[in-house]
Structures are given as structure tokens and as C-alpha cells.
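User: I have a structure here that is new to me. Please take me through it in plain terms.

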Amino acid sequence: MTRTFHLVTTLLLLLLLGIVSVSVGALPIPLRDVSSALLDTHSRFHFIVYEVRLPRTLVGLLAGMGLAVAGAILQSLFRNPLASPDVIGISKGAGFAAAAVIFLFPQSPAYILPLAAFGGAVGTFLTLLLLSRRLTLAPAALALVGVAMGAVLMAATQYLIVTHPTNVNTALLWMSGSLWGRSWREVISLLPLVWGSYRKLNIYQLGDETITSLGVHMTRQRLLLLLLAVTLAGISVSAVGAIGFIGLMAPHMARRFVGSHNQWLIPLAALLGANLMLLGDILGRMLIVPREIPVGIMTALVGAPYFVYLLRKERSRRSF
């Protein structure tokens, strides 16, 4: 099958999931009434579709794309299929910052929480650079330091939960990752997501020595691409919470379909990330109606076994 076929098929699946996402929930809306509910302000479903479910769907779509592209960038830079924003600590940094706001400043305005999450992601990235010490930003060093930082940040978050039990429910909902209650405000915050550096990423498949021989300023380019990945992950996490494994699974799945050339990998990973996010959210809303399971839990149920599978596969590959 051609790469174009995979892209088109994934895009059509995304459109289908988008329509289904708008129609399912505690109050099911027939598919034939979705379009009329959008266009007719007098429709009895207009408020639910336009003000509740459509923003929720768009936020999930954009955040899934952002996390997937961030993961694709990190995997290309580290030349490691196990790299992703949550694995190297960026998502955990955002989660810790958000938890600190929830517990220590409970009266803060609503807009402070996403700003804190984004700041936590950027702060984790900067600390990661400082702890890596050498400006070469070696992939192995960054990955190891990132995993260690993630463990420390998770422990710090758990300490906040234990010592400030009053807002545990709010913190746990945000940390598990959910699209519940998302509005057009989050949609607007996610619109600046951009990705267009696939040509630079392709160079990093060659190895450090070859890159240097080609005259590429490796450290500067790697820093810029890392900053792009952190920005994508930080904005996405600030909108939907600490949803894990999207940035791990989507790029890896895309690589199996279209290979490692990033001009194909980046768009397909973005579409697959959006599909995984919407599918997890749809299933979470359908399984225990009228309640719902946060999408972060749904992605973890699939992502954790997938991560173990990748670990075993990587171990067996290196044993030969």
C-alpha cells in the first residue's frame, strides 16, 4: 500500500471518529441530527453540540496531534523508539506544576493552571539541559537524565497529594488526563501548534559524526527541535492534562506504515495521535454511561502493554 493511501485512510477515520465523538455521551444524539444541531441555533441539541462536544472533540484532536508530533521529534532526535514526552519527564514536569497550583494556590484563576503546566514543561526541559552538562546534548544523556527527572517529579507530585488531601479529586482528574469540560478557550490555545521541520529531522537518522561532516551545526539544530517538541507537548498537556503514551504509540505506529522519512512520518503520526485521543475519549464515555472514564486512563490501558512490548522488542533486537 502507498504512503498516500495510509494518510488518506487515517484522515477519513479521523473524520468518522470526530462525528461519532460529537454524537455520543450521556445524552446520545442521532448522527442525522448532528449537522442540523450545528447549523440551527433553535435545535434542542445546539448547545450540547456546539458548546460542549464540538470544542471537546477539537481539543482532543489538536492535543493528540501535538503529543504525537512531539513524540516523533524526540524519537528522531534520540534515535530511540521509546522516547516520548511522558517518558523523558516533560509531561511529568507539567503535571507537577499543575498539581502545585491546585494544592498550594487553590483560589487561583482558571487560566493559571494551563499556564503553570506549560511553564512546568519548559522548566523541566531547561533543567534537563543543565543536568546534561555538555552542550552537545547527546541523545543517550538526555534520555537517561529525563527518565530520572520524571521519577523525581512524580514523587514530588505524590508528596503534594499526600500532604494536601483537600483537592485530591481535582488533581487526580487533571493528572490522569481528561477532555471533560473542555471549551473553545482550550481550542484557541492549541491552534498555534505547528510542525514543519521534517527535513532537519531526517538528517538526524545519519548519526552524529556524519551530521558534523555535512557541516550542520548539530547542537543548535538539536536544541531548536527539542524546544519545538517541548512547546508542542507543553501546550497539549496544559489543555488536556498529563495524558500518556500518545507520543509513544502514534509515531511508532506511523513508522511501521510509512518508514522513517519524516515528511511522511510527521503527518501520519499527527493523524494517528488524534485518532488515538478521540477513540480513547469515545470509549471512556460509552463504557459506564452516564459516568465516564478519563481518556488518560484509556490510553494507559493500551499504552502500558505497548510500551512493554517495545521494550522486549528493543532488547531482543540488541541481543543479536
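User: Which helix holds both Arg285 and Asp281?
Analyst: Arg285 and Asp281 both sit in helix H13, 4 residues apart, about one turn of the helix. Helices here are DSSP runs of H or I with at least four residues, strands are runs of E with at least two, and both are numbered from the N terminus. This is a predicted model, where local features need pLDDT of at least 70 and side-chain atom pairs count only at pLDDT 80 or more, while totals for chains, interfaces and linings use all residues. Residues are numbered from 1 along each chain as its sequence is written, and side-chain values use heavy atoms, with hydrogens and water left out.

User: How do the side chains of Arg285 and Asp281 meet?
Analyst: They meet in a salt bridge, at 3.0 Å from N to O. A salt bridge here is a side-chain nitrogen of Lys or Arg within 4 Å of a carboxyl oxygen of Asp or Glu. Side chains of opposite charge can pair when their charged atoms come close.

User: Are Arg285 and Asp281 buried or exposed?
Analyst: Both Arg285 and Asp281 are buried. Buried means under 20% relative accessible area, exposed means over 50%, and partly exposed is in between, with a 1.4 Å probe and protein chains only.

User: Which salt bridges join Arg285 and Asp281 to one network, and with what other residues?
Analyst: Salt bridges that share partners join Arg56, Asp281, Arg285 and Glu292 into one network. By the rule above, the count comes to 3 salt bridges. One of them pairs Arg56 with Asp281, at 2.7 Å from N to O. Arg56 lies in helix H3 (residues 46-78) and Asp281 in helix H13 (residues 262-286), so this pair ties together parts that are 225 residues apart in sequence.

User: And Glu292, what does it form a salt bridge with?
Analyst: Glu292 pairs with Arg56, and the closest N and O atoms are 2.7 Å apart. Glu292 is in the loop between H13 and H14 and Arg56 is in helix H3, 236 residues away, which links distant parts of the chain. Glu292 is partly exposed, with a relative accessible area of 28%, whereas Arg56 counts as buried at 6%.

User: Zooming out, how many helices and strands does the protein chain have?
Analyst: The protein chain has 14 helices and 0 strands. Of its 320 residues, 50% count as buried.

User: Changing topic: how much space lies in the largest pocket?
Analyst: About 700 Å³. A pocket is found on a 1 Å grid over the protein atoms alone, as an open set of points with protein on both sides within 12 Å along at least five of seven lines; a cavity is a set of points where a 1.4 Å probe fits but cannot get out, and lining residues have an atom within 4 Å of a point. Grid points are joined across faces, edges and corners, and a volume is the space filled by probe spheres set on the points.

User: What lines the largest pocket?
Analyst: There are 27 lining residues, and the closest to the centre are Ala110, Leu113, Pro114, Trp174 and Arg185. H5 gives the most to the lining, with 4 residues. By class, the lining of the largest pocket has 16 nonpolar, 8 polar and 3 charged residues. Ala, Val, Leu, Ile, Met, Phe, Trp, Tyr, Cys and Pro count as nonpolar, Asp, Glu, Lys and Arg as charged, and the others, Gly among them, as polar.

User: And the second largest pocket, how much space is in there?
Analyst: The second largest pocket holds about 390 Å³. Of the 20 residues lining the second largest pocket, Asp86, Lys92, Met154, Ala242 and Gly244 are the closest to its centre. H4, helix H6 (139-163), H7 and helix H14 (295-318) each give two or more residues to that lining. The classes there are 12 nonpolar, 6 polar and 2 charged.

User: Back to H6: is Gly146 buried or exposed?
Analyst: Gly146, in helix H6, counts as buried at 0% relative accessibility. Gly146 and Leu128 are 18 residues apart in sequence and 6.4 Å apart in space, C-alpha to C-alpha.

User: Where is Arg182?
Analyst: Arg182 is in the loop between H7 and H8. Arg182 is buried, with a relative accessible area of 15%.
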